[in-house]
Amino acid sequence: MLFGIHQVQPGEQGIRRTFGKFSGIESPGLQWHWPTPIGNTRVVAVEQTRSMELGFRQVNGAVTLFQKEARMITGDLNVVDAQLVVQYNIGNLQDFVFRVADPGDPDRAGMIEPESPEGRTLKDATEAALRLVVGQRGVDVVRTQKRPEVQAETQRVLQEILDDYRTGIRVLTVRLQDVVPPGEVRDAFDDVLRARQEKETAENLAEAYRRDQIPRAEGQAARITQAAEAFKQERINRATGESQRFEAVLAEYLESEDVTRQRLYLEAMEEILPGISKIIVSPEAAGGIILNNTRQAIVPVPTATPLTTPVPAPAPAQPAPQATQ
Amino acid sequence: MKYAIITVVIVLLVAIFGTQSMFTVDEVQLSVVTRFGEIKQVYTQPGLKFKAPFVDQKNYFDKRLLYRDLPEATLPDSETQFLNIDAYARYRIGHQENGQVVTSSRDVEAFFETLTTIERAGERVERVVASALRDEVTTRRREEIIGATIKTVVAEVTDPETEITLEEAQTLDNEAELGEEVTVPSATRQEILDRVRETAEAEIAQSSQGITLVDVRIKRADFPEETQQAIFTRMRAERERLAREFRAEGQRERDRIEADVDRQVAIIRAEAERDANIIRGEGEAQSIAILASALQKNPEFYAFRRSLEAYTKFLTQNTTVVLSSDSDLFDFLESTTSDDSS
C-alpha cells in the first residue's frame with residue numbers, strides 16, 4: 001500500500017475509488033490508486049468459493065443442529081428439520097460493494113466481507129427461499145424423492161431474490177444435507193417407511209405364489225389329460241386287439257365251421273372241467289336230481305330207469321366214477 | 001525564526017480551512033449540507049464536494065438497499081390458527097420510476113425533513129409493513145400462508161380446487177395412487193407477499209417521506225411453541241394411520257392375488273378333469289365301435305366264443321356241474337363214432 005501501489009492476486013479483484021467515487025475495477029496484477037485520503041482500493045477474492053450453512057453449525061468438525069433455523073413446515077402441515085449448505089462466489093463486485101446495506105451476521109463475522117450482502121441478506125434470502133419451496137411440497141416428497149428438485153428450486157428462487165436486490169452474489173450450488181422429522185416423531189416416520197416396505201413385500205410374496213402355483217397346476221392338468229389319453233389309447237388298442245383276434249379266428253371258422261366249433265368247445269371244456277365237481281347222469285333221470293348241502297347227489301327213490309352205475313338205496317349215492325379224470 | 005512560526009501557522013490555517021470546505025461523498029453515501037438547520041445542498045452522486053467552512057454541516061446517509069427485520073409476530077389466520085411469522089423488509093431512500101428505484105435530491109430532502117434518521121425510517125417501514133402483513137394473514141388460511149393445497153387423486157376431476165388427476169399427481173409424488181391425497185404447490189405465499197408489498201408501498205409513497213419499499217419476505221412461518229406438542233401428536237397420529245393403511249393394503253392385495261391364483265388353479269384343474277373325461281369317453285366309444293364293427297361280421301360266432309370265455313371264468317373250483325350223458329362231450333365215451341346228429 002505504499003503510495004497507493006498494491007498487488008491484486010489471481011482470483012481477486014480490486015474496486016478503486018477516487019474522492020469516494022468509483023474509478024474502476026482492478027484485475028490481478030500490480031495496481032495503483034491515489035494515495036489516501038484521495039483514493040483507495042478494496043481488494044476482494046471474488047472467485048473464491050464461499051459457503052454458508054443453514055440449520056446447523058460445524059464446530060471443530062462436530063455438527064450440531066441449530067433448531068431455530070432448521071425447523072420448518074411442509075406443504076401438508078408436517079414439521080421437519082432441514083440442513084442446507086449454499087456455495088457461492090461474487091459475480092459482480094460493483095453491485096456487491098455498492099448496492100446493498102447489510103447489518104452483518106454475527107455467526108459468521110470473521111469469515112465474510114464486512115458490510116457486504118454476504119451477511120444477513122444472504123442468510124435471510126436463503127431461509128425465505130427454502131421455506132417457500134418446502135412449504136409447497138409434502139413431507140415424504142421433500143425427504144426422499146424430490147430432494148434434487150427442492151435443491152434446484154431453492155437455488156432458483158434464492159438467485160432471483162439476490163439478483164432482484166442486486167447483491168452481485170452468484171449462487172453456485174444449494175445442497176440439502178439432511179431433512180429429518182423432529183426427534184419426537186422420528187419413530188412414527190420411520191415406521192411409515194417400514195410399512196411401505198412391508199406392503200411391497202406382501203405384494204411380491206403374492207406374485208411369487210402366483211408364479212409358483214399356476215405352472216404347477218398347469219403341469220398337473222397336463223398330467224391328467226395325458227393319463228386320459230393313455231387310457232383312451234389303451235382302450236382302443238385293447239379293442240383293436242380283441243377285434244383282430246376275433247377276425248383271425250373268424251377267418252379260420254369260416255373255412256371250416258364245424259371243426260372249429262368243436263375244437264373251441266372242447267378246448268374250453270378242457271380248461272373248465274378239471275377244476276370243478278361234476279355229476280354225469282343219464283338223460284332219463286326224469287325226476288332230476290337233488291344236491292344236498294354237501295353237493296352230493298340225492299336220487300329220488302322211484303326212478304323209471306336205473307342209473308348207469310348201481311347205487312345202494314336209500315343210502316346217499318356216491319358220486320359216479322369220473323371217467324374223464 | 002519568526003518566518004518558521006508564521007509558515008507553520010499559515011499551513012495549519014490552510015489545512016483547517018481545507019478540511020472545513022472540502023469533503024468526499026462515497027459511492028454508497030448521500031449527503032445533505034445544512035446551514036443553521038436549513039438544507040443548503042443535497043448530493044446524490046459521489047465525489048469531491050465543497051461547502052462553506054464552519055457554518056455548513058455535512059450529514060451522511062446510506063444510499064444502498066436498507067434492511068429492516070420485523071420482530072417475530074404470532075398471527076392468527078382466517079380460521080384463528082396461529083403461526084409465528086418472521087418477516088423482513090427492504091427499502092431505500094428514493095422513489096419508484098418505471099419499475100426501478102431512483103434516488104433524487106427531492107427524495108433525500110423529503111427524507112431529511114420528515115424522518116431525518118435511518119432509524120426513524122426503519123421504524124416507519126416496520127409499522128406499515130407489519131400492519132399490512134397482519135391484515136393479509138388474517139384473511140388467509142394456514143395452508144395458503146405455507147404455500148400448498150392438499151388435493152385428492154381421482155380418475156376424473158370435477159372440482160379442480162380439491163381434486164387432481166393421477167398423472168399430474170405422479171409428477172409431484174411418484175408413489176401417488178387413486179384415492180390418496182397429494183400436496184400440490186400453490187402460489188399463494190408469493191401472492192400474499194406481493195399484496196403486502198403493494199399495500200405497504202402505496203401507503204409509504206403516499207406520505208411522501210422520501211423512502212420506498214422494495215421487498216417484503218417471510219423468512220419463517222412456524223407453529224407457535226405452545227402448539228408444538230399438539231402438532232407432534234397430530235403428526236404421530238397421521239403417520240400411524242398411514243402405516244396402518246399401508247400394511248392393510250399390502251395384506252389386502254396379497255389376499256386378493258392369492259385368492260385369484262387359487263381360483264385360477266381350480267379352474268385349470270376342473271377343465272383338465274373335464275377334458276380327461278371327454279377323452280376317456282372317446283376312448284370307450286371308439287373301442288366299442290371298433291369291437292362292434294368286428295363282431296357285426298358274425299354275431300352268432302361271437303356269442304359262442306364269448307360264452308365259452310365266460311364259462312372258463314365263472315365255472316371255478318367251488319362249482320358243481322350236472323352233465324347229461326347225452327352231451328356232445330361224451331360222444332366218444334362209449335363208442336368211437338358219434339351217434340348223434342348235433
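Q: How many salt bridges turn up over all chains?
A: In this predicted model, a search of the whole structure finds 59 salt bridges over all chains.

Q: And how many of those sit across the interface of chain A and chain B?
A: Across that interface the rule finds 16 salt bridges, one of them joining the side chains of Arg210(A) and Asp260(B) at 3.8 Å, N to O.

Q: What about Asp191(A), which residue does it form a salt bridge with?
A: Asp191(A) forms one with Arg247(B), where the closest N and O atoms are 3.2 Å apart. Asp191(A) lies in helix H6 of chain A and Arg247(B) in helix H7 (residues 228-295) of chain B, so the pair joins two chains.

Q: Switching to within chain A, where are Glu69(A) and Lys123(A)?
A: Their side chains meet in a salt bridge of 3.0 Å, N to O, and the pair links distant parts of the chain, with Glu69(A) in helix H1 (residues 67-70) and Lys123(A) in helix H3 (residues 120-134), 54 residues apart. Glu69(A) and Lys123(A) are both buried.

Q: Back to the two chains: how much area do they bury between them?
A: Chain A and chain B bury about 10,200 Å² between them, 62% of it on carbon and sulfur atoms, and 108 residues of chain A are in contact with 111 residues of chain B.

Key: Residues are numbered from 1 along each chain as its sequence is written. Chains are lettered from A and ligands numbered from 1 in the order in which they are written. This is a predicted model: local features need pLDDT of at least 70, side-chain atom pairs count only at pLDDT 80 or more; totals for chains, interfaces and linings use all residues. Side-chain values use heavy atoms; hydrogens and water are left out. Contact means heavy atoms within 4.5 Å. Buried area is the accessible area (1.4 Å probe) that two parts lose on being put together, summed over both. A salt bridge is a side-chain nitrogen of Lys or Arg within 4 Å of a carboxyl oxygen of Asp or Glu. Helices (H or I, at least four residues) and strands (E, at least two) are DSSP runs, numbered from the N terminus. Buried means under 20% relative accessible area, exposed over 50%, partly exposed in between (1.4 Å probe, protein chains only).
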